[in-house]
Structures are given as structure tokens and as C-alpha cells.
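Hi,

Here is the structure I promised to pass on. Have a look at it first, then read my notes on the charged side chains below.

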Amino acid sequence: MAGRNSPWGSGGGSSGEDGTGSGQDGSGADDASSGGSDDGDGDKGGSGDSAGPRNPWLPSGNPPPRRSASIEDIFRSRDPRKGGGGGGPRGPGGGFPQMPRRPDGSSWMPFLIGGVVLLFLFLSSFHQLDPGEQGVVTRFGRYSRVIDSGITLTAPWPIESVKVEDVRSFNVDTIPEGSGEKLMLTSDKNLVDLTYLVRWNIKDLKNYTFRLADPQETVREVAETAMRASIAQISLNDAISGDGRARVEQDVRERMQTLLDYYKSGIAIQGVEIKKSDPPSKTRSAFEQVTVAQQDAERDRSEARAWAQQKLAEAEGNASQFDKVYEEYRQAPEVTKRRMYYETMERVLRNNDTVVAEADGVTPYIPLPEVTRRAAPAASADGNANAKGGQ
């Protein structure tokens, strides 16, 4: 008994337990005798597998009885290539469950990879363009064709690739960007600070894609060139005033379109709008004073034109009246001359207090104010009498 339980016993001592199984059935004598003989043989002959002391922590004797499967055994790897025990990196407590296999034991991974590749090829061949969009198709990097809006199929990538652009909406560039100054020289050697907008869109997608390296920068440079050429032909006042600005906008648009067509850029200029045209900031106060003086001068000129038109209208009225009098004079000269004489004398003597006249049959002195005062009560009395007689 002591020899069997000794931690220094030989590994061959297990033959007593595996031989007849009498130790398990409870036969103490046989077990003791066989165990003692085994231990003794092992100590004497050293014929066992172990040449040295046995590890006391390793189990000895028969293997443990078989137990039922647990939840860990269910998820344990059963791959025969890995030993079936699941003791590898995908053993219990590590990694993910393996994918199911085909009936012949091979993997589904090639079919899965093939399906992903086919799906990618289909998606790269299917193109849906919105209204107003166009796409330029290149085959191995070379131009092939242009496709319009709608659903279109092409060869899959990398055989053919599509670059989509919006050709209907307008692009708006502000020159200069931010709050910086853009000074330009006018024909009268003055500087003007300009800020303007350029609206453009794509009219030929092929030329737009392959002719220009940077279309937006090209438009900005062409716009500045055309604006400087147009401003150099007008004066500062024309550049600041409304009429001059309108002419400059039209001229710049035409110059830009001519130059871009020469480049075969595929760009259409829709319009140019000047947002600001001011003198330089350092001389702005002096220009404001000049502007005020110009406004005052314009106001005075407007008032002078109005006075001239009024006098002209009066002169035309007098001439028309004279023409009418002349027509009457031609019909009755004596009557007309007498009537005109009476009207003139009435107008002249109306505001005079004393009148001296030298004529036969006329009193030299005529107190006109006194006669007027006496005539007024008499006229009022005659009016009252006529009123009573009417009642």
C-alpha cells in the first residue's frame, strides 16, 4: 500500500491496477500483493518507462470515467485537422465559431468571394444619373463616350469608369475672394476697386474634362484678364456709374466667351455682374467729396433745365396768343387797334393815383382814386335796389 501511494514510485506501478481490476472490485489481498510486487519490481529492475522520479502532480492509474457533453464541448472546435480536441487557438473560450462546410467537407469561402466579386462588378457597371447630369466614360483611361441622365450600363471597373458632372446648374465665382482689393487701371490713369461675380456652366463635358487641368481656376484667370482689358478702355466715372458698369459687364462676358472657346474649354459664360466699383480705400474720402460736388452740380443743372423749359413754354404761349390777335387784326384792323389801346391803357392806369393828360376834350387832371371810391357806393346801391325789385 505504501509503495503504491509513494510519490516516487515508478510509472510501471499502474500494471497492478490495470491487470485484473481486483483493486476496483475490493479484493484487498490481491491488490496489496500485486501492488507490492509491482512496486518492488519497479524499484529493483527499473524496467519502467520513467528513468527518474515520477511527477507527483500527474494523475496515475486508469483514465477518468467518460462524462456527458457540456456546453463548452458543443462550441469546441471539431476540426479533425486541428486534433479534434479544440485545444488550439480556437479551443473553448477563444475565437469565433467556424463557418459550416459543404457536404464533401470543403469550405464555402471560394463561393463567397466569387459572389462578392460578381456583386462588385455588377454595381460598377450600373449607373443612374439624375436629370441635368452627364457622365464621361473612359476605357482604360482613354475617352470612350458621354452618357446622359438615366440608367446606363457600362463595362465593369477597371475596364471602364464613369465621371459624373452636373451640366445644368450654374457655378458662381466671386472675384476677389474675401475682403481683399482688386485694383484696376482706367483709361484716365485712375485706380478702381472692383468686386464682381461670374456665372458659368458646362456646355461640352468632353472638352471640360480633358482640355483643362483646373477649370475653375481657368475661369477666374480669364475673367480677370477680360475685366482689366475692359476697364482700361473707360474712365473712372464710367466705371463707377450705372451705365458704364452695364457696358463693362457685357463686354467682359463676350471677351471671356471668345477666349474660352479658343481654348476649347467646354464652358459657357452665362453672365458677369459687378457687385462693387469704388475708388481705392486710401483715396475714398477725396472721391466722396468729389462725388458730393458732382451731385450738387447735377442738381443745379436740373433746376436750370426746368427753368428754361418753363420760360420756353411761356414764350410759346405768348407767341400763340399773338398769332390769334394777328388773325383778328387782319380781319378788322381799326377795331383791333382801338381795343388793344384800351386794354393797354387800362393795364397802365390801373395802379396810378394821378393822371395828367393833354388832349382836346379831356380834363387835364383826373382823380382816379376818388372816382373809384365814389363809383363803389353807387354800384352797391344799384345792386341792392335791383335785389329788392326782384323780390
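How many salt bridges does the structure hold? There are 17 salt bridges in it, where a salt bridge is a side-chain nitrogen of Lys or Arg within 4 Å of a carboxyl oxygen of Asp or Glu. Side chains of opposite charge can pair when their charged atoms come close.

Before the details: this is a predicted model, with local features needing pLDDT of at least 70 and side-chain atom pairs counting only at pLDDT 80 or more, while totals for chains, interfaces and linings use all residues. Residues are numbered from 1 along each chain as its sequence is written, and side-chain values use heavy atoms, leaving out hydrogens and water.

Start with Lys182 and Glu224, whose side chains form a salt bridge at 3.3 Å, N to O. This pair links distant parts of the chain, 42 residues apart: Lys182 is in the loop between strand 6 and strand 7, and Glu224 is in helix 8. (Helices, H or I with at least four residues, and strands, E with at least two, are DSSP runs numbered from the N terminus.) Lys182 is buried at 16% relative accessible area, whereas Glu224 is partly exposed at 23%. Buried means under 20%, exposed over 50%, and partly exposed in between, with a 1.4 Å probe and protein chains only.

Next, Glu328 pairs with Arg339, their closest N and O atoms 3.1 Å apart.

Finally, Arg139, Arg145 and Glu160 are linked in a salt-bridge network.

Cheers
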